[in-house]
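Dear colleague,

A short account of the findings follows it.

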Amino acid sequence: MSETNKSTDKRTPLAARIAVVAFALLVAAASLTSSRDPVPGDAVLTTNGWADETSCRECHFEADSYPETGHAQTLRPATDPRSIEILSSVNSDASAADDGLQIDIDPESGVFAVQQDQEISRRIRLDWCFGSGAHAHTWTSTVGDLLGNTDELEFRWTWFHQTNSFALTPGQPEQAGDSHYGAFGLFFDGAKAVGCFSCHTSYLPAENGSIDFHGMVAGINCQRCHGPQQAHVASGGEVIDSDWMATDRLDAVRRCGQCHRNADEQPPGEIRTDNPGIVRFQPVGLLQSPCFIKSEMSCTTCHDPHKSLAAQDSRGIWQCVQCHNPDSPTHTLCAADNRDDCLRCHMPKVATNPNIRFTDHWIRVRDDIEESK
């Protein structure tokens, strides 16, 4: 929504205390929940007390733009038009062709990956497309095992936004396996599958390692983060459940970290300045940063989770000058005497592989990293 429209919108924005924590209330499944997490329940495992999601728009203009965000679009069926559009380009991709891979789209039965190896032809159905596409799209196939668990096969090929092309999914072996499923990717057991889906859904009906996909709510909606709002809606906004609000900014960041990864989940010795791999996990770096430690900032200081990244000025310097204002004699200023383009040195985009870059949230001088243009 434009600034002009905001000025004439008669609806009331979210209460200030809710806006502060905004999207920080990402609560993963029980297997991913930190022992410090004070949230009263596992949001992804229940819809008890849910209101109709469309009712949010009646009072909160933020809900209008939210469907455009990456969080809202983080999971879709493989048969979704966007998924099919991207997958169709596999058939003209030289690297995938060398792997003997083709995509077969059947309007009635779904999307299939076909791998031809000499005289052997293998075929699996792709069920889900992970990722909004801001960085990448990765597909999975799901199958039930003999114990009733939902196993997940991660497709070998991922589409990367930066290169607008397919390449091997990070973590996949250079050579495809010899088995029927190994030709298409790596298998994960039911517990791993539940963990994957729990960070890409608002409701995940799962028992042990078995997922009920018919009841699943794909993507992250308002109530996944703000908690069940039936009582809030029924009371005309009078009832506000404070249990679903972060207790402080550290708690807020940790709640984002339930899916974006928390520092205490990193192996010993991994959190260090020369490890580019941790840039993928934004809360990990942010918590190490002097900017976080010495100020009152949190994730929502720079990011409005109700807007797409393209619609928010998260790469400006308006956040930086709150503490590093050249016009303030008490502020610490840039040693290189720069007055703009702060992120180029202090928060560069770092390559975790040749096809994808993430913004380094460990805010510090990193002149050894080349900024992505």
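Predicted model: local features only at pLDDT ≥ 70, side-chain atom pairs only at ≥ 80, totals over all residues.

Residues are numbered from 1 along each chain as its sequence is written, and side-chain values use heavy atoms, with hydrogens and water left out.

The largest nonpolar core holds 20 residues. By nonpolar core I mean a set of buried Ala, Val, Leu, Ile, Met, Phe, Trp, Tyr and Cys residues joined through side-chain atoms within 4.5 Å. Buried stands for under 20% relative accessible area, exposed for over 50%, and partly exposed for values in between (1.4 Å probe, protein chains only). Among the residues with the most contacts inside this core are Leu101, Ile103, Trp139 and Phe155. Two or more residues each come from helix H4 (81–88) and from strands E2 (101–106), E3 (110–117), E4 (120–126) and E7 (150–160). Strand E7 contributes the most, with four residues. Helices (H or I, at least four residues) and strands (E, at least two) are DSSP runs numbered from the N terminus.

A second, separate core has 10 residues, including Cys256, Leu287, Phe292 and Leu343.

Helix H4 has Ser83, Ile86 and Leu87 as its buried residues. Viewed down the axis of H4, these fall within an arc of 95°, so they line one face of the helix; the arc is that of the directions from the helix axis to the C-beta atoms. Pro81 and Glu85, on the other side of H4, are exposed.

Ser298 sits in the loop between helix H11 (290–293) and helix H12 (299–302). Ser298 is buried, at a relative accessible area of 8%, and its side chain makes a polar contact of 3.2 Å with that of Thr300. A polar contact is a pair of N or O atoms within 3.5 Å; within protein, one must be able to donate a hydrogen and the other to accept it, and residues adjacent in sequence count only if both atoms are side-chain atoms.

Taking a disulfide as a pair of cysteine sulfur atoms within 2.5 Å, the count is zero. For Cys196, the nearest cysteine sulfur is that of Cys199, 8.5 Å away. Cys196 is partly exposed, at 22% relative accessible area, whereas Cys129 is buried, at 0%.

Yours sincerely
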